[in-house]
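Here is my note for a first look at this one. Have the viewer open and read along.

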Amino acid sequence: MKDLWAAGDKGPTALAGVSLDLKAGEILGIAGVSGNGQKELAEVISGLRRVTKGQILLNGKTSPT
């Protein structure tokens with residue numbers, strides 16, 4: 001994920017400039033205080049929420065957003 005932005009359920013930006021780089025064999029865990037974007041991040045990763053800016057890459061190829 002590079003410079004990922006996504007809106008929240010009520011309109012304002014929930015994710016602003018999030019970048020992650022995972023290598024083969026690594027495991028990603030998402031945690032945080034409720035309302036701080038972890039739900040939106042999980043939904044973006046799983047394809048349930050649209051990205052407003054940035055890109056998601058898998059094996060060097062851009063995935064549809």
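**Notes on the model**

1. Let's begin with Lys 39, which is partly exposed at a relative accessible area of 43% (buried means under 20%, exposed over 50%, and partly exposed in between, with a 1.4 Å probe and protein chains only). Lys 39 forms a salt bridge with Asp 9, and the closest N and O atoms are 2.6 Å apart (a salt bridge is a side-chain nitrogen of Lys or Arg within 4 Å of a carboxyl oxygen of Asp or Glu). Lys 39 lies in helix α1 and Asp 9 in the loop between β1 and β2, so the pair ties together parts that are 30 residues apart in sequence. Asp 9 itself counts as exposed, at 54% relative accessibility.

2. Before going on, some ground rules. This is a predicted model, where local features need pLDDT of at least 70 and side-chain atom pairs count only at pLDDT 80 or more, while totals for chains, interfaces and linings use all residues. Residues are numbered from 1 along each chain as its sequence is written, and side-chain values use heavy atoms, with hydrogens and water left out. Helices (H or I, at least four residues) and strands (E, at least two) are DSSP runs, numbered from the N terminus.

3. Where does Arg 49 find a salt-bridge partner? Its side chain meets that of Glu 43, at 2.6 Å from N to O. Arg 49 is buried, with a relative accessible area of 14%, and Glu 43 counts as buried too, at 18%. Salt bridges that share partners join Asp 9, Lys 39, Glu 43 and Arg 49 into one network.

4. Now look at Glu 40, which lies in helix α1. Glu 40 is buried yet has no salt bridge; Arg 49 is the nearest side chain of opposite charge, 4.5 Å away (Lys and Arg count as positive and Asp and Glu as negative; His and the chain ends are not counted). Setting aside neighbours within four places in sequence, Glu 40 is in contact with Ala 7, Gly 8, Asp 9, Ala 14, Leu 15 and Arg 49 (contact means heavy atoms within 4.5 Å).

5. The whole structure holds 6 salt bridges. One of them joins the side chains of Asp 3 and Lys 53, at 3.6 Å from N to O. This pair links distant parts of the chain, with Asp 3 in strand β1 and Lys 53 in strand β3 (residues 53–55), 50 residues apart. Both ends are partly exposed: Asp 3 at 32% relative accessibility and Lys 53 at 45%.

6. Asn 59 is another case, with a positive phi of about 55° although it is not a glycine. Asn 59 is found in the loop between β4 (57–58) and β5 (61–62) and counts as exposed at 75% relative accessibility. Gly 47, which follows α1, also has a positive phi, near 85°.

7. Which residues of α1 are buried? They are Gln 38, Glu 40, Leu 41, Glu 43 and Val 44. What covers them includes β1 and β2.

8. On to the inside. The largest nonpolar core has 8 residues: Met 1, Leu 4, Ala 6, Leu 15, Leu 41, Val 44, Val 51 and Ile 56 (a nonpolar core is a set of buried Ala, Val, Leu, Ile, Met, Phe, Trp, Tyr and Cys residues joined through side-chain atoms within 4.5 Å). β1 and α1 each supply at least two residues of this core. Leaving out neighbours within four places in sequence, the contacts of Leu 4 include Leu 15, Val 44, Val 51 and Ile 56.

9. Leu 20, Leu 22, Leu 28, Ile 30 and Ile 45 make a nonpolar surface patch of about 380 Å² (patches are made of residues with over 30% relative accessible area and no salt bridge, with like charges joined within 9 Å and nonpolar side chains, meaning Val, Leu, Ile, Met, Phe, Trp and Tyr, within 5 Å; areas come from the Shrake-Rupley method with a 1.4 Å probe, and for residues only the protein chains shown count as cover). Ile 30 sits in the loop between β2 (13–18) and α1 (38–46) and is partly exposed, at 35%.

10. Finally, Gly 37 is in the loop between β2 and α1 and counts as buried at 6% relative accessibility. Apart from neighbours within four places in sequence, Gly 37 is in contact with Ala 14 and Leu 15.
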